[in-house]
Amino acid sequence: MQDFKRTLITGKAISVDGNDIDTDRIIPARFLRCVTFDDLGSHSFEDDRKQLREAGKTHPFDDASRQKAKVLLVDRNFGCGSSREHAPQALMRWNAGITAVVGESFAEIFFGNCVALGMPCVTASRDDVQALKRAIAADPNTELTVDLVHGEASAGNVRVKVSMPEGARKQLTTGRWDSSAELLEGKDAVASTAKGLPYFAHWH
Amino acid sequence: MGKSLYDKVFDKHAVRKLDSGQFQLLMGLHLIHEVTSPQAFAMLRDRKLQVPYPERTFATCDHIIPTKSQLRPFQDDLAEQMLVELERNCDHYGIRYLSPKKGEQGIVHVVGPELGLTQPGMTVCCGDSHTSTHGAFGAIAFGIGTTQVRDVLATQTLAMEKLKVRRIEVNGKLRPGVYAKDVVLYVINQLGVQGGVGFAYEFAGSTFDAFTMEERMTVCNMSIEGGARCGYVNPDATTYAYLKGREYSPKGAAWDKAVAYWDSMRSDDDAVYADVVKYKAEDIEPMVTWGITPAQSTAVNAKLPAPSAFPSGDRALIEEAYQYMGFAADAPVKGQKIDVAFIGSCTNGRFSDFEEVVKHLQASGKKVHPGVRALVVPGSQTVRQRMIEAGFDKVFTDAGFEFREAGCSMCLAMNPDKLVGRELCASSSNRNFKGRQGSPTGRTLLMSPVMVAAAAISGSVADAREVFAFSS
């Protein structure tokens, strides 16, 4: 049986620098013309990648040595803008699939979308994020570990404190991030709450 | 101790506390569109789940719909496929679909209020971040992802954490030529694009009290651009006057019951807030963004800020913005030559937005500058019809604007309305992100509809008060 618990995530890492990276940059809107998420992965950061290529530079997602990365390191307010779940869905489907994100802070809807997909987004101080980035910079094979139980992330000889809101952390560590089942269990309570709201009964 | 509207509405809709410590929150209104719903319906089918409250969900098509002609099938096969999927899903689950054929279609955040679906004291959600718009009615309204769309369809609820509330007071009278859009751009400039993370924004004070519902919608719409998932204005006589007589508004005896409930949801005078900030209306100038986030904005006549004026952690982003836009610090944004002008979107695509522009076009007799492509895109078919009845279509086309069909259009360019190359667009929309308007290198300047019209006429960013000879 598939284990839904997200306690310890280990994998090679990739770093995308910059504050306020919005979901239009993670997956440009033109790729949202689809009825499934299946083909989004390869379009992650497509426009940013192209512009850097044209400038003779390489986006981390085009760096041949980082193609097996599973943990993404970012800066502040990552995932701001649109509510499109296509953003985390694209990251999950990029090559080996991103399975966790570590950053200074996250936009709220992006964060919620990630949790709903079982993908933890943990925060660390600016200095600690930079320390992790330095630790993975030299060798692409360096593994980064996110420990949700102890609230730590480590890479090489760097070990830092990470955190996430307790509710979300609990959902992930207990394997109950897929909320549907739990919400369905509340069926009768839902009906009784609805009864208490005058507009649900059309004011009768 | 008093409670805020946010706390009252949240508490009324909280079904129970979940093991995670989050709350199961009941949703009063669920809006869906073609982009973020097909995968949710696929998940329902996979899990053999039903939709227990289909009468609480309403669907429209806005993101991908072409605005030159809405004739089916669309020329874009992918767009056609998405719409067919939406129609099929609505039909199968018994969800009301606001059909273009019946003249009901429009941007989800324009049609919801128009039909009277959005009401005070409700919870409202949609797979779209600009759902915060509906907070203008004193509803708690926020954007959700597709997996959550599935949850709402299957259970009418979501797992949510409770937010803190920041009261944003703006008091006083706005100066002529300063609009709701300028107010919200100013607030975002002051508090930053992530200042609202973890907060609901309560917009209060005499400036918001004096606003029409459409002005309040413009402000609440952009709460999310300040990082706040929802923003609201307490309901009052203005709210009730707007709602009276709309298709889904309560009628007869139910109306009085509704008003009593709505009044009871207003924030108490002694409500406690996690934070309070206050601004003066007279400090606000017509605003223009110059960068790649909605907080990177300035008063139209000011010089652009030097990167050194920002905290060291922000400077890289400021420099990236200048490089992308091709602008330089210490020069004004005013006078920058524009290629495209766009008036529309869920922020500024309502009747009064166009009415204000028409007033100045008529009074001045001015025309769109040669070489500027200027688009007028109504937010809904109803808005469009009203514009035609009022003769606005002629005013716009005579002045050199294209008068289009309703949709999201060039706000995010998922339909054929796109910038080309590095074109610079004066836009009444809500996001100036890199590539937002359809060209990966396209550039967006956010401003009020009247400022967009002034730029269209001048061929460059201009102070609308000068172009249209406002008397102050």
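Helix α4 of chain A, residues 108–116, is mostly covered, with nine of its nine residues buried; a residue counts as buried if 20 or more other C-beta atoms lie within 10 Å of its own, as exposed if 12 or fewer do, and as partly exposed in between, the C-beta atoms being placed from the backbone. The buried set consists of A:Glu108, A:Ile109, A:Phe110, A:Phe111, A:Gly112, A:Asn113, A:Cys114, A:Val115 and A:Ala116. A:Gly118, which follows α4(A), has a positive phi near 80°. Helices (H or I, at least four residues) and strands (E, at least two) are DSSP runs, numbered from the N terminus.

The model is a predicted one, in which local features need pLDDT of at least 70 and side-chain atom pairs count only at pLDDT 80 or more, whereas totals for chains, interfaces and linings use all residues. Residues are numbered from 1 along each chain as its sequence is written, and chains are lettered from A and ligands numbered from 1 in the order in which they are written.

Chain B contains 17 helices and 19 strands. Its radius of gyration, 21 Å, is close to the 23 Å given by the globule rule for 472 residues, so chain B is as compact as a globular protein of that length; the radius is taken over C-alpha atoms, and the rule is 2.2 Å times the number of residues to the power 0.38. The C-alpha trace of chain B spans about 55 × 55 × 45 Å along its principal axes. Of the 472 residues in chain B, 60% are buried. Among contacts in chain B between residues at least 6 apart in sequence, 77% join residues at least 24 apart, two residues being in contact if their C-beta atoms, placed from the backbone, lie within 7 Å.

Strand β15 of chain B (residues 340–343) is covered on both faces, with B:Val340 and B:Phe342 buried on one side and B:Ala341 and B:Ile343 buried on the other. In a regular strand, side chains alternate between the two faces of the sheet. β15(B) pairs in the parallel sense with β16(B) (residues 373–376) over four bridges, pairing requiring at least two DSSP bridges between two strands. Within β16(B), B:Leu375 stands opposite B:Phe342. β15(B) also runs parallel to β18(B) (residues 424–427), to which three bridges join it, and B:Ala426 in β18(B) is the bridge partner of B:Ala341.

In helix α14 of chain B (residues 381–389), the residues B:Gln381, B:Thr382, B:Val383, B:Arg384 and B:Met387 are buried. Their cover includes α4 (108–114), α13 (351–364) and α15 (392–398) of chain B. B:Gly391 follows α14(B) and has a positive phi, near 80°.
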